[in-house]
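Please look through the sequence and the 3D structure below before reading on. The briefing then takes up a few topics in turn.

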Amino acid sequence: PVIFMFVVRIAARASQATQSTLNPRILCKTQQGLFSRLVICRGVAVSTRRAHLAAIPHRSAHSTPQPDPLADTDRVDAFSPEANAAREKILAAGLEQVDEFGWTEDALAAGAAAAGFPIVTKGLFPRGVAHLVEAHLERSLLALQSSGPTFPPEASLAFRIATIMATRLRMNAPYLHNWSQAIAVLARPGNLVSSFEHMTRCMDVIIMLAGPDAQQLPAATRLVKLPAAYASAQLHMLADESSQQSDTEEYLHRAVDAALSLEPPELVAAATALLTKVLGPYVTPPSQH
């Protein structure tokens with residue numbers, strides 16, 4: 001741009017010189033000066049171009065460039081093996097940063113840096129930190145499925161279900177001081193569908209581990225009552241200061257007993273009372289008609 005403006009100024013002065021009433025000798029000197037400046041300008045342009053070309057790394061005709069799988073995720077399949085491997089590394093490193101940064105985009109960025117990636121690309125994590133929360137949920141669910149608790153034959157169904165739920169909730173203990181952030185992330189409108197799908201899979205695993213009689217429970221119990229008991233225990237756990245969250249486990253046993261016996265209206269009233277107690281003024285109980 002600088003060279004272009006310099007040429008424009010020279011052309012303007014040349015136009016003024018040809019239209020002036022200068023005598024031929026002065027006009028000749030002016031044209032000679034303009035010609036000299038144009039020659040200098042061309043030399044500068046050639047030198048700049050040569051310097052630019054010299055700065056480009058040389059590649060032989062037989063060399064094959066190695067594309068960075070994260071360089072442009074708009075053009076690279078976000079579910080390719082390279083992208084999946086990068087995603088797993090970033091999420092694993094990001095979970096180690098949650099204690100310092102919480103369930104935030106900063107934890108995800110710090111995980112990317114720790115895994116050796118300079119940036120977190122939008123193509124890999126379109127919903128941001130929600131992917132980090134879901135990574136913990138999926139890892140915990142796999143751990144529960146592979147090493148769930150065992151029970152004696154005389155254990156009741158309610159006891160088995162509550163114990164399995166408590167085992168899963170204890171996996172949140174390392175993040176208990178900021179787990180409310182994770183709940184808030186999962187409650188965002190863009191994450192509700194994924195949160196519901198995970199809850200459904202979680203209940204499927206719990207029912208499977210609880211035994212064949214649990215699989216015979218009514219659909220309303222499996223899909224509504226037990227998830228409500230689990231979710232309420234998760235909220236109860238946020239304020240639990242007992243050793244190894246023993247209060248939450250006791251509460252969970254009571255909640256599961258109630259879920260297996262309460263009718264839906266009674267369950268709604270119990271859930272509303274719990275939310276009002278835990279969240280206080282942020283929850284407005286439904287009006288009674």
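This is a predicted model: local features need pLDDT of at least 70, side-chain atom pairs count only at pLDDT 80 or more; totals for chains, interfaces and linings use all residues.

Residues are numbered from 1 along each chain as its sequence is written, and side-chain values use heavy atoms, with hydrogens and water left out.

**Nonpolar cores**
- A nonpolar core is a set of buried Ala, Val, Leu, Ile, Met, Phe, Trp, Tyr and Cys residues joined through side-chain atoms within 4.5 Å, where buried means under 20% relative accessible area, with a 1.4 Å probe and protein chains only.
- The largest such core has 29 residues, and Met165 and Leu252 are among those with the most contacts inside it.
- Two or more residues of this core come from each of the helices H6, H7, H9, H10 and H11, helices being DSSP runs of H or I with at least four residues, numbered from the N terminus.
- The largest share, eight residues, is given by H7.
- Apart from this core lies another one of 24 residues, including Phe125 and Tyr175.

**Helix H6**
- Among the buried residues of H6 are Leu132, Val133 and Leu141.
- The 17 residues of H6 should span 24 Å at 1.5 Å a residue, which agrees with the 24 Å between its end C-alpha atoms; the expected span is 1.5 Å times one less than the number of residues.

**Asparagine 178**
- Asparagine 178 lies in the loop between H7 and H8, and it counts as buried because its relative accessibility is 7%.

Technical notes: Buried means under 20% relative accessible area, exposed over 50%, partly exposed in between (1.4 Å probe, protein chains only).
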